[in-house]
Amino acid sequence: MVQLHVKRGDESQFLFNTTVDVSIETLSQQISEIYNGRLKVDRICTEIPELADHGISLPPNMQGLSDDQIMELKLKDEWEDRCIPSGGAEFKKDEIGRRNGHAPNEKMKDVLRKTMEEAKALISNKQVRANVCVTMDMVKEALDQLRGAVMIVYPMGLPPHDPIRMEIENQEDLTGTQASLQVIPDEDAQLWWASKELQRGKKLQDYVGRNEKTKIIVKIQKRGQGAPAREPLVSEDEQKQMMLHFYKRQEDLKKLEEVDDDTHLQSSWSDRQALKRQFQGLTNIKWGPR
């Protein structure tokens with residue numbers, strides 16, 4: 001299998017296994033699906049702590065309003081009585097005004113937080129260092145874990161306007177958000193290798209040959225963003241190791257300069273003429289009176 005180290009810019013994303021016979025169009029679709037799926041997991045994991053601390057999301061027309069303004073406008077959250085967490089709720093006001101403040105109890109919070117950490121670890125870019133390849137099945141598993149945890153804590157479900165439910169049901173609206181700039185639609189995904197765009201209509205073997213044991217770094221870009229920056233000749237880890245080596249070398253040289261002890265030159269074993277004088281009978285000569 002050909003192993004692809006997928007990056008976005010200089011940031012590692014994940015490892016992906018494929019074959020040299022795969023078409024670039026299929027490969028681009030597979031990689032973009034995993035890439036966008038990991039972004040979805042990250043967005044849900046960003047909202048999970050808010051759900052655990054402050055409960056479900058308020059309707060859009062109530063978000064950001066003070067209690068007095070809500071009373072004055074006679075607004076009511078119809079989902080407050082329907083979406084009650086298992087084990088009862090504990091009130092903790094959301095100072096931002098996005099959620100209703102009826103948070104789950106500590107036991108249910110632990111379920112959400114533990115599941116969030118497990119899902120993040122499953123598709124984390126740390127898997128690159130562990131040499132673990134990420135698949136779409138792993139991304140789906142992470143999403144299923146998050147969906148299951150939410151159903152355990154909220155058996156009646158979340159409101160349709162809650163961002164977590166919208167993400168799980170693929171109804172999210174990212175228009176005008178920073179997250180929308182990170183998403184790369186399948187049809188706009190471009191793969192680059194060695195400063196070359198992998199053209200759709202060709203196969204991977206047209207670029208890397210037929211060796212199935214090839215390992216390459218590919219960068220995913222959005223169409224129209226141009227070529228990504230070239231990979232440095234020395235990786236960041238290698239550069240750190242080199243700097244550490246040179247630092248240790250300098251410290252060793254400093255210590256050698258500080259220890260300038262040449263008393264050993266006065267020792268008998270260091271005298272190069274000692275053997276010659278011994279053969280000539282010139283050893284143990286005393287110049288004083290007997």
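Predicted model: local features only at pLDDT ≥ 70, side-chain atom pairs only at ≥ 80, totals over all residues.
Visitor: How are the strands of a sheet held to one another, and in which order do the strands of the open sheet stand here?

Guide: Strands of a sheet pair through backbone hydrogen bonds, and the pairing is either parallel or antiparallel. In this structure, an open sheet of 5 strands has the order 2-1-7-5-6, and its pairing is mixed. Strand 2 and strand 6 (196-197) stand at the edges with a single partner strand each, so one side of each has no neighbour in the sheet.

Visitor: In which sense do strand 1 and strand 2 pair, and over how many bridges?

Guide: Strand 1 (residues 2-8) and strand 2 (residues 11-18) are paired in the antiparallel sense, over 7 bridges. Within this pair, Val6 is found opposite Phe14 of strand 2. The hairpin that the two strands form has 2 residues between the strands, and Gly9 there takes a positive phi near 70°.

Visitor: What is the sense of pairing between strand 1 and strand 7?

Guide: Strand 1 pairs with strand 7 in the parallel sense, over 5 bridges.

Visitor: Which sense applies to strand 5 and strand 7?

Guide: Strand 5 (residues 189-193) and strand 7 (residues 215-222) pair in the antiparallel sense over 4 bridges. Ala189 has Lys222 as its bridge partner in strand 7, and Leu191 has Ile220.

Visitor: Which strands does helix 1 lie across?

Guide: Helix 1 lies across strand 1, strand 2, strand 5 and strand 7, and runs at about 135° to strand 2.

Visitor: What describes two packed helices?

Guide: For helix 1 (residues 24-54) and helix 3 (residues 106-122), the axes come within 10 Å and cross at roughly 165°. An angle over 145 degrees counts as roughly antiparallel, and these two helices are therefore roughly antiparallel to each other. The crossing of helix 1 and helix 3 is left-handed. On the helix 1 side, the residues in contact include Val41, Cys45, Ile48 and Leu51, while the helix 3 side includes Leu112, Met116 and Ala119.

Visitor: At what angle do the axes of helix 3 and helix 4 cross?

Guide: The axes of helix 3 and helix 4 (residues 136-153) cross at roughly 175° and come within 9 Å. That angle makes helix 3 roughly antiparallel to helix 4. Helix 3 contributes residues including Val111, Leu112, Thr115 and Met116 to the contact, and helix 4 contributes residues including Ala142, Leu146, Ala149 and Val150.

Visitor: Are helix 1 and helix 4 roughly parallel or roughly antiparallel?

Guide: Their axes come within 9 Å and cross at roughly 20°. Helix 1 and helix 4 are therefore roughly parallel to each other. The crossing in which helix 1 passes helix 4 is left-handed.

Visitor: What describes a pair of aromatic rings, and how many aromatic pairs does the whole structure contain?

Guide: A pair of aromatic rings is described by the distance of the centres and the angle of the planes. A search of the whole structure finds 0 aromatic pairs.

Visitor: Which residue lies over the face of Trp79?

Guide: Arg82 lies over the face of Trp79, at 4.6 Å from the ring centre.

Technical notes
Residues numbered from 1 in each chain as written. Heavy atoms only, no water. Phe/Tyr/Trp six-rings, centres within 6.5 Å; stacked < 30°, edge-to-face > 60°. Lys NZ or Arg CZ within 6 Å of the ring centre and 35° of its normal. Pairing = 2+ DSSP bridges. Axes fitted to C-alpha atoms, helices over the stretch in contact; angles between N-to-C directions. Parallel < 35°, antiparallel > 145°, perpendicular 65-115°, else oblique. Left-handed = near helix turned anticlockwise from the far one by under 90°. Contact = heavy atoms within 4.5 Å.
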